Amino acid sequence: MTRHIACLGLGLGSALGAVGPGAAAQARPAPIIRIEQRWPFAADGSVRIVNPAGRIRVIGWDVDTVAVSGHGAGAFAADGNGSVRKLVVTGRADLEVHLPRGARVWVKSAAADIDVVGVDGTLDLNSVSGAIQVVGTPVDVTAETMDGRVELAGGTGRARVKTVSGSILLRGASVDLGASTLSGTIVVRAAGWQRGGTGVQRGTFESVTGDVRFDGELGRGGIVELESQSGAIHLRVPGTTVADFDLLTIGGSIANGLTSDAPQRGTLRFATGAGGAQVTIRSFKGSISLEAK
Amino acid sequence: MQADPSDLIERAQRGDPAAFEALYRAHVGRVYALCLRLTADAARAEEFTQDAFVRAWERLASFRGESAFSSWLYRLTVNVVFLGQRASRRRGLRVFTTDDPAALERPRDGPGVPGAQLDLERAVAALPPGAREVFVLHDVEGYRHQEIAELTGIAVGTSKAQLFRARRLLREALSR
Amino acid sequence: MMCADMEVQLNEYVDGTLRVAQRATVDAHLAGCAGCRAAVAELRALVAGAAALPKSIEPGRDLWAPIDARIVQGATRNVQRPFWRGALAAAATLVIGFAIYRLLPPSTVHDHPEGTGWVAVQAEYEQAADELTRALAFEHDRLAPATVALIERNLAIIDAAIRESRDALARDPGNVELRGLFAAASRHKVELLRWATRAAT
């Protein structure tokens with residue numbers, strides 16, 4: 001039976017050719033690689049980074065250059081030109097990539113953690129079990145993992161985060177947020193949400209069994225939806241918040257610490273003033289609680 | 001030229017492609033208008049129009065005349081669009097670019113002041129997707145919030161909020 | 001201009017969905033507020049304009065030929081067409097352990113519920129899940145054992161959630177909110193299966 005070559009997504013890249021039956025398989029240690037390269041690069045170019053394991057740090061800077069440094073085991077290839085650059089690690093590496101702030105960045109890893117700081121452009125970050133952390137003010141972020149943890153801090157224009165069981169933490173001021181998980185938890189800390197004046201336009205947070213916690217401020221005209229199957233949903237907002245609240249649970253409980261309105265048979269609808277935000281909460285059997293800051 | 005519609009439907013249900021083509025010709029304008037306004041993207045609207053008719057063909061057997069054929073077909077079209085849009089949104093595609101504004105300028109039925117209508121069409125196309133979808137379904141197509149909730153899976157409260165938001169954005173856009 | 005806190009009421013007023021007492025309150029307010037009267041007039045004009053838009057727009061080209069081709073071929077439904085192309089293309093090179101496949105419920109892909117609207121949406125999710133599951137079920141194990149375990153665990157979680165929702169819906173079939181929750185659970189399952197595809201490539 002032919003032993004498959006270890007594919008890119010998993011673990012160390014110890015490559016072997018086909019092994020005949022009965023032959024002992026011996027893994028040669030992968031070659032050590034040291035990386036130190038740089039290229040001139042357009043301020044709004046596209047960078048693609050692939051690194052199965054280890055670590056990937058992406059740092060935005062104000063120089064029209066892409067610079068990559070790091071070390072690892074396996075192989076490293078860099079193709080591209082002044083506006084598109086691909087950095088591909090086969091094996092594992094600790095990589096640090098400096099690139100122009102406004103670049104579009106696409107990163108794929110399996111177990112490597114991904115850290116992005118100071119990028120204002122578009123981020124598309126994918127991992128299986130690696131953690132993803134973004135600090136800064138990217139205009140658009142998409143982050144997906146299976147069980148890696150995802151944390152966004154700062155302020156984004158638009159963010160879409162998805163995990164299967166990884167926990168999600170969203171902090172800062174953002175306009176358009178979406179987070180979805182199956183069994184992970186979602187925590188949204190929206191301090192300074194109204195910075196910039198527009199407030200959140202929309203936020204959608206959903207899980208199946210994980211808890212969903214929203215702790216922050218709602219902008220006028222914002223539409224926020226929280227949904228879970230069995231995870232507990234907790235909303236903590238200033239007592240002066242102006243919003244329409246539409247809560248429904250099939251089998252869970254509702255606790256209202258914001259006003260004296262009481263739920264009726266799993267439903268609670270009330271408004272704290274008119275023309276404010278719109279909060280919709282749905283759960284199958286997860287508990288729902290509202291709390292005043 | 002106009003065959004009895006119920007006869008056409010019966011024939012199409014028995015597998016007659018010519019009868020189905022006649023149904024297509026009779027309804028494609030409405031279906032396409034719905035897709036175009038919901039997506040604000042002529043290319044996607046064409047794709048969804050095709051998907052809707054193919055699905056209608058496959059589901060014809062289940063149409064029992066419990067409503068008008070057109071109502072059945074348009075509801076099916078809304079389903080097709082929403083399913084397709086959800087799939088694309090998950091992958092982060094921008095599905096709301098109007099890359100063919102000329103699509104809104106083709107000759108069409110109905111009276112009205114062409115200039116003002118075109119402004120309104122453009123303003124609707126420029127709405128954010130959630131607001132645009134509800135506005136098109138409620139104010140253009142005449143569905144009620146409860147029906148919109150059933151067709152799209154959003155809550156009735158959200159439907160109303162999106163509608164009022166759409167109307168506010170449109171009033172602002174049209175008064176410039 | 002419209003008074004800031006009157007937006008919801010004025011919209012409902014124009015739509016005729018206010019109760020009698022509320023309508024009277026709005027009437028009283030309008031009597032003394034020119035800004036809101038102007039806003040109501042604008043809203044009415046907007047709603048009338050929307051209703052008067054042409055109901056029919058001819059597509060830029062004749063779409064019958066591609067439709068006819070798909071009908072004649074008996075092409076399978078590709079509602080999430082761009083989404084699935086990637087997944088099925090990947091299916092040629094990806095594998096998933098049999099253990100996962102065994103966990104999944106038997107395929108009911110050809111038992112389509114009748115009717116349109118929500119029920120049709122639900123049938124689409126089920127078919128999508130079944131198609132992707134079949135596409136993923138191959139012999140060899142290319143996923144790390146830890147990943148396989150993670151997928152299996154979460155499949156069990158989501159299938160339990162789907163069962164719960166489905167049972168509740170069977171007891172209360174007209175419940176729109178329940179349908180929404182059930183649809184969300186189905187969607188999560190399809191997402192998970194999509195993840196299994198990508199994790200293996």
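Biologist: Which pattern does chain B follow when read along the sequence?

Modeller: The order of elements in chain B is α-α-α-α-α-α-α-α. Helices (H or I, at least four residues) and strands (E, at least two) are DSSP runs, numbered from the N terminus. On that basis chain B has eight helices and zero strands, whereas chain A has zero helices and 24 strands. This is a predicted model, in which local features need pLDDT of at least 70 and side-chain atom pairs count only at pLDDT 80 or more, while totals for chains, interfaces and linings use all residues. Residues are numbered from 1 along each chain as its sequence is written, and chains are lettered from A and ligands numbered from 1 in the order in which they are written.

Biologist: What are the mean pLDDT of chain A and the average pLDDT of chain C?

Modeller: The term pLDDT denotes the predictor's confidence in each residue, from 0 to 100. For chain A the mean is 85, with 87% of its residues at 70 or more. Within chain A, residues 1-26 fall below 50, and this stretch has 39 contacts in the model beyond near neighbours in sequence. Residues 193-199 of chain A also stay under 50, with 16 contacts beyond four places in sequence. Chain C averages 72, and 64% of its residues score at least 70. Over residues 75-116 of chain C the pLDDT stays under 50. For the complex, the predictor gives an ipTM of 0.81 and a pTM of 0.55.

Biologist: How many residues of chain C are in contact with chain A?

Modeller: Two residues are in contact if their C-beta atoms, placed from the backbone, lie within 7 Å. Here 28 residues of chain C are in contact with 24 residues of chain A. Helix H1 (7-15), helix H8 (145-171) and helix H9 (176-199) of chain C each supply at least two residues of the chain C side. The greatest contribution to that side, ten residues, comes from H9(C). By class, the chain C side has 16 nonpolar, seven polar and five charged residues. In this classification Ala, Val, Leu, Ile, Met, Phe, Trp, Tyr, Cys and Pro count as nonpolar, Asp, Glu, Lys and Arg as charged, and the others, Gly among them, as polar.

Biologist: Which residues touch the most other members of the largest nonpolar core?

Modeller: A nonpolar core is a set of buried Ala, Val, Leu, Ile, Met, Phe, Trp, Tyr and Cys residues joined through C-beta atoms within 7 Å. A residue is buried if 20 or more other C-beta atoms lie within 10 Å of its own, exposed if 12 or fewer, and partly exposed in between. The largest core has 155 residues, of which Cys35(B) and Ile158(C) touch the most other members. Helix H2 (residues 17-39) of chain B gives this core its largest share, eleven residues. Beyond four places in sequence, the contacts of Ile158(C) include Leu182(A) and Val208(A) in chain A, and Ala185(C) and Leu192(C) in chain C.

Biologist: Why does Ile186(A) count as buried?

Modeller: Ile186(A) counts as buried because it has 26 C-beta neighbours inside 10 Å. It belongs to strand E15 (residues 186-190) of chain A. Its contacts beyond four places in sequence include Ile168(A), Phe205(A) and Val212(A). Over the whole of chain A, 53% of the 293 residues count as buried; in chain B, buried residues make up 51% of 176.

Biologist: Which strand pairs with strand E6 (residues 104-108) of chain A?

Modeller: Two strands pair if DSSP finds at least two bridges between them. E6(A) pairs with E8(A) in the parallel sense over four bridges, and Lys108(A) stands opposite Asn126(A) in E8(A). E8(A) also runs parallel to strand E10 (residues 140-145) of chain A, joined by five bridges. There, the bridge partner of Asn126(A) is Glu144(A). Strand E8 (residues 122-126) is mostly covered, with four of its five residues buried.
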